[in-house]
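I opened the model with a few things to look up and kept notes as I went. Here they are, in the order I checked them.

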There are 2 protein chains.
Amino acid sequence: MYTLDLVKPDGRCLTLYGRGPVTAAGPAPSPRPAPLHPNPHLRWHPLRGEWVAYAAHRQDRTFLPPPEYNPLRPSRDARFPTELPPGDYDVAVFDNLFPSLAPEAHDPPSLHVPTQPGRGRCEVVVFTQDPQASLGGLPLTHVDLLLEVLGDRTGRQARRGGVAYTLPFENRGVEVGVTLHHPHGQIYSYPFVPPVPARMHAQELDHWRRTQQPLLESLIAAELADGRRVLYAGPHAVAFVPAWARYPYEAWVAPRRAAPTLAALGPEVRRDLARALRTLLQKYDGLWNRPFPYLMAWYQAPLDGAEHPESHVHAEFAPPYRTRDRLKFLAGTELAAGMFAMDALPEDKARELQAVAVPIDE
Amino acid sequence: MYTLDLVKPDGRCLTLYGRGPVTAAGPAPSPRPAPLHPNPHLRWHPLRGEWVAYAAHRQDRTFLPPPEYNPLRPSRDARFPTELPPGDYDVAVFDNLFPSLAPEAHDPPSLHVPTQPGRGRCEVVVFTQDPQASLGGLPLTHVDLLLEVLGDRTGRQARRGGVAYTLPFENRGVEVGVTLHHPHGQIYSYPFVPPVPARMHAQELDHWRRTQQPLLESLIAAELADGRRVLYAGPHAVAFVPAWARYPYEAWVAPRRAAPTLAALGPEVRRDLARALRTLLQKYDGLWNRPFPYLMAWYQAPLDGAEHPESHVHAEFAPPYRTRDRLKFLAGTELAAGMFAMDALPEDKARELQAVAVPIDE
């Protein structure tokens, strides 16, 4: 992996990544010439016992790009700089212009509930220079590079300090609110372990203390033994619809053996994990022969310097569709109570995805 | 409050409620003549430590009603019976035809994760006989009756046993997936305290043990003292945008003093609570002069027979809009991490709602 670190004129960081040597033709551009000084803050939700982030960004009305303007493709028109320079690279990561969490946050408001600066980091990950591409359609080596990049970002946060948890994710499709279709994801780095990964980590720790086994490793072995919901079983990685799926087309991608973060994976395991990921994505897009929307999230161990043999890095996919033309809306019982209700069995949905043939990656 | 309990031909229960004497013109109808024998089950999500409900209902293809068929209005055409008889009543509650939880659930599948029958109850609450009405547009006495009905249902579950938690809610609007626009809500009764109320109850218990004060009662006093986010302040009840709002137009409705359930409210408090609720709903619908979509959920104390002086019944509203024409999608950080990120301040959204004038209820 080759890298090139740059700084934008407004102070934001940009890293270019490549499978081969990386070059940038010109300095790092930015759609905004001057720093925006984001200053998000956190407020304590006393009934849920969790933090909520607030970032009221001023909308700058002077920047009116043409309708075909795509901030994630390399800059071509000097009047409308994008976020990326032309050059030789495959993947790029830069600080979000409107972050929900920022390293320089300061002076939270004084309220009757606890508040604190919204410290942390929000990054954008551009998967490819090609705006028409899709993650699942990229070459295997490119997907492998992306996993290495996500590991590199996680490692950088771990070394920087002040970050307790890093979550890479992709929102894909208008159905989940995405208006910018250039293939990209995001990375949120939190000053605390957020509620969902905290709950997952507590379960992993509890299982580890009782059995000395990583929980997800045991579950993956059981899923492979059962077989009914398995979508990919490689030498080092798997993709499957979990028996406990909360979304009709939910699927998980994971290495067979526990590893705390993407940064901890060796090259062979990571390559097979890329193969598992790519297989699932091609099944999704092949299911109805159209781009399949989803939320993809990569869960990792907390970044507290400990070893975390109990933690098992994996991706969870939450697609919004129940059937080809019906969305699953999260409503009363899911959002208000937290109990998900499914009108389809994971076994049936897995069978649909198993039936989608995809070419085997070399 | 007047009530009439009936049983449908397929065995499901129906209760009619009225401010005056209740009559049904004919027996309780059902769109399906024979019992459907719903048999939902629960599977344990080992990474989140929570139950997921599965109910794969067979779709009955022989029932093809006309497009204007509305199962929630009183039956008029014997060929297409609805869920309700004609008669004198204001509110009706019946067992959901396709429940996610059912009292008679049995024989869950055997899997490598724990399973159990999906015992519990899913009810539909029809707010009024008028399909064109809206909850906020009903007379104050009618809204008051509805709160009494929700309390009655909660009390019935508490007495029935086997139910640990009852959650009344309303999903309103196509934006949250509602296709049936006759004003109605639902009541889910769970065999366990679901994750969200469990987390809230843990916070309430912790605060009570430390201060001997109910947490939400203290928070409401602080919101009233601050004043910037208050939408209604009556003698016994309030409506406000909480300082810790997770949705742009989130608002809470609660009695000023703690009470564990709707069933525990005296008539004066309940009447003022209805006034607070109706004021908020009219502000919502008045904001953009169109029906305002939302998820409304009524949180109550667990139904374990204890007194729960720490618990404080209240409604939370989660509206899907960020602005008049932009939806807030729950994506990466909200769904995958559980940290909500807001690009608007609660104070600003409260000001918008405060500016909507509504008639004062007698």
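I started on the outward side of helix α2 of chain B: the face turned away from its buried side carries B:Arg209 and B:Arg210, both exposed. Helices here are DSSP runs of H or I with at least four residues, strands are runs of E with at least two, and both are numbered from the N terminus.

Bookkeeping before I go on: this is a predicted model, where local features need pLDDT of at least 70, side-chain atom pairs count only at pLDDT 80 or more, and totals for chains, interfaces and linings use all residues. Residues are numbered from 1 along each chain as its sequence is written, and chains are lettered from A and ligands numbered from 1 in the order in which they are written.

**Helix α2, chain B.** Which residues of α2(B) are buried? I found B:Val196, B:Pro197, B:Met200, B:His201, B:Glu204 and B:His207. Looking down the axis of α2(B), I see these buried residues fall within an arc of 125°, so they line one face of the helix; the arc is taken over the directions from the helix axis to the C-beta atoms.

The 17 residues of α2(B), 195–211, should span 24 Å at 1.5 Å a residue, and the end C-alpha atoms are 24 Å apart, which agrees. The expected span is 1.5 Å times one less than the number of residues.

**What α2(B) packs against.** The buried residues of α2(B) pack against β10, α3 (215–226) and β15 of chain B, together with α5 (332–337) of chain A. Contact means that C-beta atoms, placed from the backbone, lie within 7 Å.

I then followed β10 (165–172) and β15 (294–299) of chain B, which pair in the antiparallel sense over four bridges. Strands pair if DSSP finds at least two bridges between them. Within this pair, B:Phe169 stands opposite B:Ala297. Both strands belong to an open, antiparallel sheet of eleven strands in chain B, in the order β1-β2-β7-β9-β11-β10-β15-β16-β14-β13-β12. Its edge strands are β1 (2–7) and β12 (230–233), each pairing on one side only.

**Chain A against chain B.** The same surface serves both copies, as 100% of the contact residues of chain A recur in chain B.

Most residues other than glycine have a negative phi. I noted A:Asp107 with a positive phi near 45°, in the loop between β7 (91–95) and β8 (115–117) of chain A. A:Asp107 is exposed, with 9 other C-beta atoms within 10 Å. In chain B, B:Asp107 has a positive phi of about 50°.

Methods
Two residues are in contact if their C-beta atoms, placed from the backbone, lie within 7 Å. A residue is buried if 20 or more other C-beta atoms lie within 10 Å of its own, exposed if 12 or fewer, and partly exposed in between; C-beta atoms are placed from the backbone.
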